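Here are my notes for you, point by point. Have the structure open while you go through them.

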Amino acid sequence: MDLLVNTVSTISILAIPALILFIVIYGAIKKVKIYESFVEGAKEGFNVGVRIIPYLVAMLVAIGIFRAGGAMELLARIIYPITNLIGMPAEALPMAIIRPLSGSGALGIMSEIIKTHGPDSLIARMVSVMMGSGETTFYVLAIYFGSVNITKTRQAVPAGIIADIVGILMSVWLVNLIFN
Amino acid sequence: MLNYIWASLIVIGILVAVWSDWHEISTNKYHNGEEYPITLKLEDTSVLPLQKSFSYGCTVFIDDVSGMSQHANLIPSDGNHGILRIFVDENTPPLWREIFTAQKRSDYLLAHIRWDGDSANSLSAKMKFEPVKFVHLNAVTNDGIIKYAKIAVELAIGLIGIMALWLGVMKIAEQSGLVAKIAGFLKPVMTRLFPDVPADHPAIGSMIMNISANILGLANAATPLGLKAMEELNKLNKKLGTATDAMCTFLVINTSNVQLIPATVIAIRAAAGSSNPTEILGPVIVATTVSTVVGVITVKLLARMQIFKKELS
């Protein structure tokens with residue numbers, strides 16, 4: 001495990017400088033006017049940033065309302081009897097709900113659980129796996145589709161949600177299987 | 001579907017807040033209007049008589065609870081009235097703490113008091129907390145709506161610099177033919193995943209780079225490369241504003257998280273003193289792989305359904 005972590009983290013550190021270096025040198029060899037090309041491409045950066053603003057505001061405000069009003073706690077209380085059956089502790093449920101909605105919110109819940117229950121408790125391991133294997137689905141949907149002005153998202157949303165649910169269920173099952 | 005989810009988040013969020021507030025008001029959770037008999041002892045008795053609008057350090061004793069005291073500042077107003085700023089500490093009772101949290105003052109609990117006559121160094125008085133109402137609806141407005149609208153713009157603006165960088169770098173890679181070359185490496189996989197994207201299209205190269213950056217956990221590079229790929233995919237889109245099958249598949253790969261090493265999670269576990277911070281790695285890799293595979297299969301199956309098909313035509 002440690003070997004894998006070390007290898008991947010070394011590659012991660014080297015990746016960006018190495019990639020930029022390689023692309024620039026390759027471009028120069030292929031006689032591309034690298035500086036001019038770079039600037040030409042980079043011009044779009046501002047437009048993309050501005051283009052995603054309305055989509056991001058719409059998505060984040062809706063998620064903000066849902067979180068701030070206490071709806072998450074209520075939802076957790078309603079579906080608790082079901083999740084209890086599959087071996088998910090009540091404290092881990094808010095994590096499962098928040099993971100696709102808010103990255104910072106999920107990180108906060110994970111840190112809180114690790115602090116209260118200790119990092120090597122079953123529930124802390126479970127939320128760590130949920131955190132590591134999940135993604136902020138709705139943020140990704142908002143900016144990726146927003147950047148090309150797409151509002152009709154077709155099968156992306158249901159498939160994304162199903163993948164999220166599978167990820168959560170797998171986390172619960174695997175953690176119970178390995179650590180319990 | 002996004003329409004329904006969006007509406008549900010807003011409607012459920014606000015209705016739950018209204019219901020919670022109504023519940024708290026009807027059960028008077030915060031004991032609004034309750035009067036507490038208290039005794040105030042000034043820290044410095046040489047300041048008497050009290051003057052309006054000055055602030056006096058004092059200790060508050062609650063008459064009904066023996067042995068409980070709180071530090072506070074007394075700010076007298078007209079007559080025998082004034083306000084009390086109580087500093088919350090470890091002695092503060094739970095209900096008061098809740099009122100403190102709900103009042104949202106930075107470091108004190110606000111109460112109104114009136115006392116009977118100026119006495120030497122202690123005042124016996126009646127104290128009422130500033131009433132607390134609509135905690136959840138206030139939270140929705142301030143912590144939900146206003147805060148998140150601001151965060152959204154900050155996130156988008158924060159993306160501009162790194163976005164410009166990668167779009168610039170990608171332009172060089174594109175014009176030098178590198179993107180097309182990268183696309184060639186994984187041709188068999190990519191043509192299967194994205195059958196309606198030509199194998200030599202620049203979108204393929206961008207998608208490969210985005211997925212690689214995601215696997216390595218390079219969020220700063222992955223998002224700009226992903227947005228670049230979306231732009232390329234959109235060039236193949238015959239119905240602007242509607243997602244193509246390729247876009248949906250690409251999105252699901254991104255939302256199901258293909259990251260190999262969750263560096264943040266491991267760092268937090270290590271900082272919390274875990275005996276083996278990386279022990280979660282095995283289940284993370286399995287869970288994320290299974291969810292990605294299921295996601296891709298689902299998105300492919302759903303693409304065949306009439307209800308999603310007809311949106312394209």
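1. A word on confidence before anything else: pLDDT is the predictor's own confidence in each residue, on a scale from 0 to 100. Chain B has a mean pLDDT of 89, with 98% of its residues at 70 or more. Where pLDDT is low, the predicted coordinates should not be read in detail. The model as a whole scores ipTM 0.92 and pTM 0.87.

2. Some housekeeping. This is a predicted model, in which local features need pLDDT of at least 70 and side-chain atom pairs count only at pLDDT 80 or more, while totals for chains, interfaces and linings use all residues. Residues are numbered from 1 along each chain as its sequence is written, and chains are lettered from A and ligands numbered from 1 in the order in which they are written.

3. Helices (H or I, at least four residues) and strands (E, at least two) are DSSP runs, numbered from the N terminus. Within chain B, strand β6 (residues 122-129) has the lowest confidence, a mean of 85, and helix α8 (residues 245-255) the highest, at 96.

4. Have a look at strand β4 (residues 81-87) of chain B. Its covered face holds Gly82(B), Leu84(B) and Ile86(B), and its uncovered face His81(B), Ile83(B), Arg85(B) and Phe87(B). In a regular strand the side chains alternate between the two faces of the sheet.

5. What does β4(B) pair with? Strands pair if DSSP finds at least two bridges between them. With strand β3 (residues 69-76) of chain B, β4(B) pairs antiparallel over five bridges; Pro76(B) has Gly82(B) as its bridge partner. Four residues lie between these two strands in their hairpin, where Gly79(B) takes a positive phi near 60°. With strand β5 (residues 108-115) of chain B, β4(B) also runs antiparallel, joined by seven bridges, and Ile83(B) stands opposite His112(B).

6. Most residues other than glycine have a negative phi. Lys31(A), not a glycine, has a positive phi of about 60°, and Arg154(A) has a positive one near 45°. Lys31(A) sits in the loop between α1 (2-29) and α2 (34-42); Arg154(A) is in the loop between α8 (137-146) and α9 (156-179).

7. Are those two buried or exposed? A residue is buried with 20 or more other C-beta atoms within 10 Å of its own, exposed with 12 or fewer, and partly exposed in between, with C-beta atoms placed from the backbone. Lys31(A) is exposed because it has 9 such neighbours, whereas Arg154(A) is buried because it has 26.
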